[in-house]
Amino acid sequence: MTRHSPEEMAHEPSIAELASGGLLTCDVSATLGDAIQRMHAARASSVLVTQDDDICGIWSEGDVRRLDFSDPDLLDAPIAQSMSSPVVRIAHEAGLDEAVLLMKRRRLRRLLVEDGEGRPLGMITQADIVRSQGVEHYLAIRDIGSIVSHSPLVLAASLPLEQAVIRMREANADAAVIDHGNGALGIFTEHDMVAWLAGGRMSCCLGEAGSSTLLARPQGMALAQALELLREQAFRHLGVLDEQGELRGLLSFADIMAGFEHEIALQLKETLKARDKALRASAEHLRLAHRVINASMDSIMITDARGVIQSVNPSFTVVTGYSAEEAVGNRPSMLSSGRQTKAFYCDMWSTVLERDYWQGEIWNQRKDGETYPEWLTITAIRDDEGQIQQFVAIFSDISDRKRREAKLHRLANFDDLTGLANRRLFLSRLEQAQANARERGHCMAVLFLDLDLFKRINDTLGHHAGDRVISTIATRLQALADDGESVARLGGDEFAVLIHEIAHPDALEAQAARLLESLCRPIEVLGHTLSVSASIGIGLYPEDGESAEILLKHANTAMSRAKEAGRNQWCFYQSDMGEHDQRALTLEQSLRRALDNDALEVVYQPQAALEDKRLVGFEALLRWNDPELGVVSPQQFIPLAEKLGMIDRIGRWVLDRVCAQLHAWRHLARVPVAVNVSALQLSDRRFVDDVEKCLARYALPPELLELELTESAVLPNSETTHRMLQRLRDRGILLLIDDFGTGYSSLAYLRQLPISTLKIDASFVRQLPDSYKDGELVGAILAMANALGLDVIAEGAETDAQADFLRAKGCKIVQGYWLSRPLAANAASEWLGRLSTDDASP
C-alpha cells in the first residue's frame with residue numbers, strides 16, 4: 001500500500017491536479033445504445049453529452065438503475081431523454097473541502113472541472129478527493145467488518161433482469177448479491193448493467209447478466225488489505241463474511257472512504273499527544289488534519305473536557321441546521337431529542353471514560369425540531385499524563401439508510417396491497433406460536449381461507465376491481481381478529497389466520513362462521529355490488545402437523561375439501577385427506593398423459609323434435625376411459641382441468657375434433673353440433689379467431705357449429721365478452737345458454753346477449769311431471785323464452801311421461817336418454833344416414 005512521506009502529506013493537491021483528463025463525449029443526437037457502446041469500449045464510468053461542441057449533459061453508470069429494462073426500444077431512445085442536465089461544474093482553483101460539500105449537497109459522485117476560461121479539464125470523483133488527503137495509512141488499523149453496517153440486497157439468479165433492476169432501484173443499491181443456489185453467490189453491479197446493455201441484450205435472468213463469483217473475505221481483514229485486493233483484482237465490491245462464514249454485507253470503495261471518522265479522531269489524538277514538539281515539527285500535518293475535518297462528509301464536533309463545544313465542521317451545520325457560531329460555547333445537549341433515557345447517557349459516558357471510545361446509534365434533533373437517527377462515534381483525547389483534554393464526536397445522518405432498511409423489511413415480510421403479513425412472516429410467527437404451545441402444553445390452530453370463484457371478478461371487471469376486493473377482505477379479516485391473532489395474505493386470494501390458543505374446537509367453528517358471515521357482506525366496487533364467499537380449512541396443532549409448513553399445508557388441504565363440498569363453508573383437516581390428495585395427483589398425471597396421447601374421446605348426444613323424434617342436432621360431449629383408472633366422469637376431470645389451466649387446451653382440441661367430424665359428415669345429412677365453451681376460453685381474446693380458423697380449416701359453413709355457454713361464463717358480462725359474442729353471432733354461429741336456471745337467470749342480461757337458444761337444466765326435468773315447483777319453473781322458462789323469441793331445448797328427458805309433459809307445455813326439442821344415450825362418431829353417422837333417407841327417428 002502506498003505510504004506518503006511528510007513532504008507529500010504537506011502538499012495538498014489542487015482540484016486541477018486531481019481531475020482526470022481524456023473526457024469521453026457523445027453528441028446529443030446519439031441514442032442511449034450508442035452512448036453505452038462508447039462507455040463500454042472506453043471502460044469509462046460516464047460520458048459527457050455535447051451539442052455544438054458545448055457540454056449539455058452527462059450520463060453515468062449510476063443512471064442505469066433508472067432505466068426500464070422491459071422497454072424493447074430502450075437502446076433506441078435519445079440519450080437526451082435520460083441524461084442529467086445541466087452538468088455540475090467546479091472551478092479548478094476551488095478547494096477540496098468546497099468540492100466535498102458540493103458533492104454532498106447535490107448527492108453527486110463526480111464533478112466536471114473547468115479552467116479559468118470555462119473550458120473542461122477533466123472529471124473529479126469522491127474517491128479522488130479522499131485518496132488525495134494522506135489518510136490511507138490509517139486503513140491498516142481498521143477491519144472491514146467495522147465499515148459494513150447493513151445487510152446486502154440478495155436476489156435469486158432466476159429473477160428477470162428488469163425485475164432485478166427495479167429491486168436495486170427500490171433499495172437504492174449500486175450492487176446486488178446473486179443467489180445461484182447451493183450456497184453459490186455472485187454479484188451484479190451498475191457496471192454489469194452497462195456491459196449487458198452494451199451487448200444489445202436486455203431480456204435475461206439475473207444469473208446470466210452478473211458475475212458467477214463473489215469475491216469475499218472475513219470481517220477481520222484490515223481495510224488496507226481490502227483496498228489493495230480490490231485494486232489488484234480490478235473489482236469494485238468485496239463480500240464481507242461473519243465469524244460463521246455467512247455473508248453479512250458488501251464493501252465498496254465508497255464505504256472505505258466513508259469509514260475514516262475514527263481514524264480522523266486518532267490522528268487528532270496523536271497530534272495532541274505530541275503537543276509543542278508536534279506543532280513545531282508537523283505543522284503541515286495539523287493543517288492537513290484541519291482540511292480533512294472540513295472536507296469530511298461526516299459531521300465532526302470537538303468539545304473540551306467539560307463538554308463545551310469548541311469547534312464544528314461544515315457538515316455539522318448541514319446536518320443539524322446550527323451554524324458554527326450557534327454551536328461553539330454551547331453543549332451537545334442542544335441536539336438531544338429526548339428519546340434516550342438518562343440510563344442510556346450514563347452507560348454511554350461510562351464507556352467513553354473507561355475505554356476512551358463509544359460507538360452506536362442515537363436519535364438527535366435538528367434546529368427546526370425534526371428528530372433523526374445518527375451513527376455516532378465519541379473518542380476521548382488524553383494528554384501525556386493521561387488526563388482527558390477533549391472529546392471528538394463524529395456522526396452521520398442515517399435516515400436514508402433506516403428508510404431503506406424499513407422498506408426492505410416491509411417488502412420481505414408484508415404484502416404490498418393489504419399491509420398484512422406475507423407467507424414468510426406468517427410462517428415465522430407460526431413457528432414461534434408452535435414453540436410457545438409446545439412449551440406451555442396448549443393447542444393452537446391455523447385457518448386457511450381461499451375466496452370462491454375470485455378469478456371471475458378479475459376476468460370480468462379487471463384486476464383493479466380484484467385488488468379492491470382483496471383489500472376489503474383483508475380489512476374485514478383484521479377487524480374480526482382477536483388480540484394476539486395474526487392475519488396474513490399468503491398470495492393471490494389466499495389468506496390465513498393464526499389462533500395462538502384454543503380451549504375447544506367448537507370455538508373454531510364459531511370463529512369460522514363469523515368470518516364467512518363477514519366476508520359474504522356485499523362489496524361495492526366500480527359501480528358493481530359483489531358478493532364474495534370463501535372456503536376455510538382448519539388445521540390444529542399438534543395433531544395436524546408438528547412443523548409450520550406441514551400444519552399450513554394440511555389446513556390448505558382441508559380448505560380444498562370445503563371448496564369441493566360446495567364452497568362457502570369450513571372443514572377440519574382429517575388424516576385420510578392425504579390419501580385423497582394422492583388420488584388427485586394420480587388423476588392429474590393421467591389427464592396430462594391422456595391429452596398428450598390423444599386418448600380423450602368426443603361422443604354425440606342427439607337432440608330431436610318432440611313431435612316426431614326427428615334428429616335436429618347433436619351436443620358434443622367429452623369422455624375419458626383411462627387404461628388404469630377406467631371410465632372417469634367429466635364431473636371429476638373437467639373441474640380438475642380448469643384448476644390446472646388445461647381447459648383452454650382441451651377446449652381447442654374438442655373444437656378441432658368436432659369440426660373434423662362435421663367435415664367427414666359433409667356427404668350425409670347436415671345438422672348442427674353444439675360445443676361447450678368454458679369461461680376461461682371466453683376470457684381469451686383469441687377465441688373468436690380460433691373458431692374462425694377452425695371453420696376455415698375444414699371448409700365448414702358457420703351454421704353447423706353452435707356454442708354452448710353457461711350463465712356463469714357470460715353473466716354478468718364485460719363489454720369485451722359482449723363484443724366477442726356479437727362477433728360470433730354476426731359470423732352466423734348460434735349461441736346457446738346451457739344449464740339455464742342454475743345461475744343468474746337475469747332477464748336484463750338475457751335481453752343484451754346475442755343468443756338464440758336456452759337449454760333447460762336437467763335438474764328441473766328429472767322430477768317431472770310429479771314436481772309441481774319444477775313444472776311451474778319449466779313453464780315459466782318456456783313462456784319467457786317465447787316472449788324473447790328464443791328457442792328452448794330441454795335436457796335430461798328420460799321417460800315418456802316427461803316427454804308428454806314438456807310437449808304439453810309447448811317445448812319443441814329435447815335431449816336425453818328418452819331419445820338415445822350419447823353416441824360414438826360411427827353410430828351418429830348411421831343416424832345421419834337415416835336422416836338422409838328421410839327416416840331420422842331412432
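**Close-up 1. Asp-52 counts as exposed, because its relative accessibility is 67%.** In this predicted model, Asp-52 sits in the loop that links β2 (46-51) to β3 (54-60). The phi angle of Asp-52 is near 55°, which is a positive value in a residue other than glycine. Asp-53 is found in that loop between β2 and β3 as well, and although Asp-53 is not a glycine, its phi is positive too, at about 70°. With a relative accessible area of 77%, Asp-53 is likewise exposed. As background for this view, most residues other than glycine have a negative phi.

**Close-up 2. Two cis peptide bonds, one leading from Tyr-541 to Pro-542 and the other joining Leu-768 and Pro-769.** For the bond from Tyr-541 to Pro-542, omega is near 15°, and Pro-542 has its place in the loop between β23 (534-541) and α21 (548-564). For the bond between Leu-768 and Pro-769, omega is about 0°, and Pro-769 belongs to the loop between α30 (762-765) and α31 (772-788).

Close-up 3. Helix α9 covers residues 223-233, and its buried residues are Leu-223, Ala-224, Ala-226, Leu-227, Leu-229 and Leu-230.

**Close-up 4. The packing of helix α26 (residues 687-697) with helix α28 (residues 719-730).** The axes of α26 and α28 lie 10 Å apart, and the two helices pack at an angle of about 15°; α26 and α28 are therefore roughly parallel to each other, since angles under 35 degrees are counted in this way. The crossing in which α26 passes α28 is right-handed. On the side of α26, the contact is made by Phe-687, Val-688, Asp-689, Val-691 and Glu-692, while α28 contributes Met-724, Arg-727 and Leu-728.

**Close-up 5. The crossing of helix α19 (residues 463-480) and helix α20 (residues 505-519).** The axes of α19 and α20 come within 10 Å and cross at roughly 145°, and this crossing is right-handed. From α19, the residues Ile-473, Arg-476, Leu-477 and Leu-480 make the contact, and they meet Arg-514, Leu-515, Ser-518 and Leu-519 of α20. Grouped by type, the residues of the contact of α19 with α20 divide into 5 nonpolar, 1 polar and 2 charged.

**Close-up 6. The largest nonpolar core, which has 81 residues.** Within this core, Leu-758 and Leu-806 touch the most other members, and the largest share of the core, 8 residues, comes from helix α24 (residues 647-664). When residues up to four places away in sequence are not counted, Leu-758 touches Ile-737, Phe-740, Leu-750, Ile-781, Met-784, Ala-785, Leu-790, Asp-791, Val-792 and Ile-793.

Definitions and conventions
Residues numbered from 1 in each chain as written. Predicted model: local features only at pLDDT ≥ 70, side-chain atom pairs only at ≥ 80, totals over all residues. Heavy atoms only, no water. Axes fitted to C-alpha atoms, helices over the stretch in contact; angles between N-to-C directions. Helix = DSSP H or I, 4+ residues; strand = E, 2+ residues; numbered from the N terminus. Left-handed = near helix turned anticlockwise from the far one by under 90°. Contact = heavy atoms within 4.5 Å. Nonpolar A, V, L, I, M, F, W, Y, C, P; charged D, E, K, R; others polar. Parallel < 35°, antiparallel > 145°, perpendicular 65-115°, else oblique. Buried < 20%, exposed > 50% of the residue type's maximum accessible area, 1.4 Å probe, protein only. Core = buried A, V, L, I, M, F, W, Y, C linked by side-chain atoms within 4.5 Å.
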